[in-house]
Amino acid sequence: MAEPLVSVVMPSFNHARYILESIQSVLAQDFSDFELIVVDDASTDNTREVLESIADDRVRFRINEHTGLPAITRNTGIAMARGEMVAFLDSDDLWEKNKLSSQLEMLRAHPECGFCYHDFDTFDSETRKVLSRFGETCSLFEGDIAGAMLQGNMIGSPTPLIQKSLLLRAGCFPEDWSVRFFEDWELWLRLAALSPAAFVPAILAHYRIHSRPTFSGAALSLRFKTTLQVINRAVKDMPDRFKPHLPAALNAAYRIYGPTMLSQGATASFLKILFAQFMVSGPIAHARAFQFALRARRVARRKLDSKLEVGSGQS
């Protein structure tokens, strides 16, 4: 059997309800020279039965021992891939039928690019209603996107098509619990540092939202710390590519997390993380950080004054 041009890697865990629709969106592509590799993280539902019911030679699947770490599942799929190009689709998300053909056409027009991504939207799992278009809330770029990527992940997980040689050179997904849920961003950063990106300005994937996430102060603190960890690791590993963009990246992180953490009363956590970052990054100019720090100090002071007033009124 000839090697396929594209390997599609689909990680899965307990998505028997959705996985068949996701697989069908791959099999319906108007480009047919691909293989689909499903790697299941030892699901406890009937995912295996669904996979065994698929009669298509292009589909292979493997059941892993459970790890709970999506990076391991995806990397297993990469190791199994026989194609020159690799794409990813989670087992509850969907592709448009021209997703692969559109990206391959764009990469042929831009041979200097080692990977290509595109816009996507989100939809409610129950109502199927479109919730948002990513490109309307985030600026999307092509070419050298390393600096922009350090300010936030703008590549949705179902969107990139990547040369496998570049993927291996970048080191695949980090199998590190400390960056769980951010492992795709860390890999995309390394890709962006190594190669220019091509971009298709069209919605070619649909990201399923099962419920609107709400984060406690502690959860926000963890996400803020992990965001800074990813930024700092990128700067440490590839300083020539990322260090010039560090102030803008830190300001973006403070802008995203600062107001919400302060409004939820996580002022102490915000200040602790903020000043720990100062110790890492040194005396670089990031005025927004000081703005948030001063605001946090004012909020904390007002709360203390309020407690003192209550206490004095009760005595």
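Q: Which residues line the largest cavity?
A: In this predicted model, the lining of the largest cavity consists of Glu186, Leu189, Arg190, Val230, Arg233, Ala234, Asp237, Met238 and Phe242.

Q: What is the volume of the largest cavity?
A: About 70 Å³.

Q: And how many cavities of 30 Å³ or more are there?
A: The count is one.

Q: Back to the lining. Which helices each supply at least two residues?
A: Helix H8, residues 183-194, and helix H9, residues 217-237. The largest share comes from H9, with four residues.

Q: How does the lining split by class?
A: Five residues are nonpolar and four are charged, with no polar ones.

Q: Different topic: Asp40. Where is it in the secondary structure?
A: Asp40 belongs to strand S2, which covers residues 34-40.

Q: Is Asp40 buried or exposed?
A: Asp40 is buried, and no salt bridge is found for it.

Q: What does Asp40 touch, leaving aside neighbours within four places in sequence?
A: Its contacts are Ser12, Phe13, Asn14, Thr47, Arg62, Ile63 and Asn64.

Q: Now the whole chain. How many helices and strands?
A: The protein chain has 13 helices and nine strands.

Q: What percentage of the residues is buried?
A: Of the 315 residues in the chain, 50% are buried.

Q: And what share of the contacts between residues at least 6 apart in sequence joins residues at least 24 apart?
A: 79% of them do.

Definitions and conventions: Residues are numbered from 1 along each chain as its sequence is written. This is a predicted model: local features need pLDDT of at least 70, side-chain atom pairs count only at pLDDT 80 or more; totals for chains, interfaces and linings use all residues. Side-chain values use heavy atoms; hydrogens and water are left out. On a 1 Å grid over the protein atoms alone, a cavity is a set of points where a 1.4 Å probe fits but cannot get out, and a pocket is an open set with protein on both sides within 12 Å along at least five of seven lines; lining residues have an atom within 4 Å of a point. Grid points are joined across faces, edges and corners, and a volume is the space filled by probe spheres set on the points. Ala, Val, Leu, Ile, Met, Phe, Trp, Tyr, Cys and Pro count as nonpolar, Asp, Glu, Lys and Arg as charged, and the others, Gly among them, as polar. Buried means under 20% relative accessible area, exposed over 50%, partly exposed in between (1.4 Å probe, protein chains only). Lys and Arg count as positive and Asp and Glu as negative; His and the chain ends are not counted. A salt bridge is a side-chain nitrogen of Lys or Arg within 4 Å of a carboxyl oxygen of Asp or Glu. Contact means heavy atoms within 4.5 Å.
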